[in-house]
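Subject: Structure for your review

Dear colleague,

Please find the sequence and structure below.

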There are 2 protein chains.
Amino acid sequence: MEFSSKLLENAVNEMSQLPGIGKRTALRLVLHLLKQPKEQSQKLAATLVKMRDEINFCANCHNISDSKLCEICANPRRDEQLVCVVEDIRDVMAIENTSQYRGHYHVLGGKISPMDGIGPGDLTITSLVEKVKTGNVRELIFALSSTMEGDTTNFYIYKQIEPYNITTTTIARGISVGDELEYADEVTLGRSILHRIPFESSLKST
Amino acid sequence: MEFSSKLLENAVNEMSQLPGIGKRTALRLVLHLLKQPKEQSQKLAATLVKMRDEINFCANCHNISDSKLCEICANPRRDEQLVCVVEDIRDVMAIENTSQYRGHYHVLGGKISPMDGIGPGDLTITSLVEKVKTGNVRELIFALSSTMEGDTTNFYIYKQIEPYNITTTTIARGISVGDELEYADEVTLGRSILHRIPFESSLKST
């Protein structure tokens with residue numbers, strides 16, 4: 001792509017560093033900013049820098065938070081002995097949206113993925129093991145994506161906490177609500193039969 | 001969407017003001033910036049602000065440019081009597097990529113679109129008519145998108161410059177190179193027969 005202006009080219013190049021934003025999309029976004037008042041670009045820039053500079057992570061669960069402890073960890077009515085292990089803050093938001101969970105979280109910050117150069121040391125696993133060691137955790141729920149990386153991470157953590165003898169569970173895998181059986185993949189369908197639940201308990205769920 | 005941090009929420013809100021970026025995509029982009037070094041966010045912010053503050057438009061054709069005249073207008077080897085009317089800078093880049101055009105451009109900055117609140121006054125039509133008035137234009141090529149808004153804009157400009165008696169042309173509409181005839185829409189196919197060209201001249205094109 002040849003640009004008639006160096007300023008424009010720089011802006012497009014910076015924008016296209018963001019994931020999923022190619023050069024064409026970046027150009028569209030930058031041209032949009034050019035059509036808007038200067039204040040919009042300034043506000044966008046200032047907000048991003050402020051966010052990046054001042055953002056905090058909860059000292060307990062590593063969720064993004066403005067205070068030392070996030071709202072969930074600071075809430076005395078939530079069960080701190082029940083800890084749900086998730087990949088990132090988006091998963092916390094997704095689970096919170098269901099209003100079904102009243103325990104704490106532990107945000108790993110990613111999954112073990114040697115292909116992307118992410119090892120156990122890049123995640124908050126040590127701090128999770130410490131938490132378990134202190135004996136203040138009754139049950140650990142694994143809620144990572146059901147992928148090779150997710151399973152690897154689950155297993156790695158499981159091996160680390162095995163000596164401490166706490167309950168470990170994983171969220172149920174099965175047929176999504178509203179899905180037609182005939183289109184479900186074999187592995188999911190197979191597991192959903194293996195891990196069938198009493199009919200009465202299915203009536204309780206929302 | 002409920003956020004655990006006000007800083008994060010503000011950043012996501014600003015990001016999602018950009019066209020085609022929803023809240024979820026904005027969150028993904030912002031979380032990506034959080035995982036990168038601070039310098040990346042700072043550089044992105046600085047480049048955007050600098051671009052918005054310092055960008056210039058060519059005094060002649062309204063293309064984005066770092067100097068008073070853009071490279072095309074400043075090039076004495078280009079035919080200034082031949083002017084191609086386009087919607088925005090992306091069209092200039094697309095036509096320049098073909099290496100088939102050696103004239104000047106005139107960037108309108110949009111199309112007349114009452115639905116979006118864009119009238120003739122929001123475009124650079126007055127400056128185009130002025131250019132034609134001075135008598136320094138031999139031919140005007142309309143190269144706007146073949147949509148209702150594009151056709152309206154073409155016609156509006158045509159009416160304005162009619163008194164000055166210059167040649168006006170429009171880029172050829174027809175079957176795209178590589179397209180199968182049976183899948184072409186009727187209007188395009190019909191026009192391509194009406195506006196057929198001598199076979200010899202089709203051999204000249206690249």
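The notes below take the domains, the sheet, the nonpolar core and the cysteines in turn.

Please keep in mind throughout that this is a predicted model.

Domains of chain A

The domain assignment divides chain A into domain 1, covering 6-54, and domain 2, covering 64-171. Between the C-alpha centres of domain 1 of chain A and domain 2 of chain A there is a distance of 34 Å.

The sheet of chain A

Chain A has an open sheet of four strands, in the order β4-β3-β5-β6, and the pairing is parallel. At its edges stand β4 (103-107) and β6 (167-170) of chain A; each has a single partner strand, so one side of each has no neighbour in the sheet. From one strand to the next, the twist averages 25 degrees. As background, strands of a sheet pair through backbone hydrogen bonds, in either a parallel or an antiparallel manner. Strand β5 (residues 139-142) of chain A runs parallel to β6(A) and is joined to it by four bridges. Within this pairing, A:Glu139 has A:Thr167 of β6(A) as its bridge partner.

Two helices of chain A lie against these strands. Helix α5 (residues 89-98) lies across β3 (79-86) and β4 of chain A, and runs at about 160 degrees to β4(A). Helix α6 (residues 125-133) of chain A packs on the sheet and touches β3, β4 and β5 of chain A, its direction making about 145 degrees with that of β4(A).

The nonpolar core

The largest nonpolar core has 44 residues, and those touching the most other members are A:Leu8, A:Met15, A:Leu48, B:Leu8 and B:Met15. Two or more residues each come from α1 (6-15), α2 (23-35), α3 (38-54) and α5 of chain A, and from α1 (6-15), α2 (23-35), α3 (38-54) and α5 (89-98) of chain B. In general terms, nonpolar side chains in soluble globular proteins tend to be buried together.

Setting aside residues up to four places away in sequence, B:Met15 touches A:Leu18, A:Leu44 and A:Leu48 in chain A, and B:Ile21, B:Ala26, B:Leu29 and B:Val30 in chain B.

B:Ala11 belongs to helix α1 of chain B and is buried, with a relative accessible area of 0%. Apart from neighbours within four places in sequence, B:Ala11 is in contact with A:Thr47, A:Leu48, A:Met51 and B:Val30. B:Ala11 and B:Leu27 are 16 residues apart along the chain, and their C-alpha atoms are separated by 8.3 Å.

A buried asparagine

B:Asn154 is located in helix α7 (residues 148-161) of chain B. Its relative accessible area is 11%, which means that B:Asn154 is buried, the cut-off being under 20%. Beyond neighbours within four places in sequence, B:Asn154 is in contact with B:Phe142 and B:Leu144.

Cysteines

How many disulfides does the structure hold over all chains? The number is zero. For A:Cys58, the nearest cysteine sulfur is that of A:Cys73, 3.7 Å away; a disulfide requires the two sulfur atoms to be within 2.5 Å, so A:Cys58 is in no disulfide. For B:Cys58, the nearest cysteine sulfur is that of B:Cys61, 3.7 Å away, and B:Cys58 is likewise in no disulfide. A:Cys58 is buried, with a relative accessible area of 1%, and B:Cys58 is buried, with a relative accessible area of 1%.

With kind regards

Methods
Residues are numbered from 1 along each chain as its sequence is written. Chains are lettered from A and ligands numbered from 1 in the order in which they are written. This is a predicted model: local features need pLDDT of at least 70, side-chain atom pairs count only at pLDDT 80 or more; totals for chains, interfaces and linings use all residues. Side-chain values use heavy atoms; hydrogens and water are left out. Buried means under 20% relative accessible area, exposed over 50%, partly exposed in between (1.4 Å probe, protein chains only). Contact means heavy atoms within 4.5 Å. Two strands pair if DSSP finds at least two bridges between them. Axes are lines fitted to C-alpha atoms, for helices over the stretch in contact, and angles run from 0 to 180 degrees between N-to-C directions. Domain bounds come from an automatic or database domain assignment. A nonpolar core is a set of buried Ala, Val, Leu, Ile, Met, Phe, Trp, Tyr and Cys residues joined through side-chain atoms within 4.5 Å.
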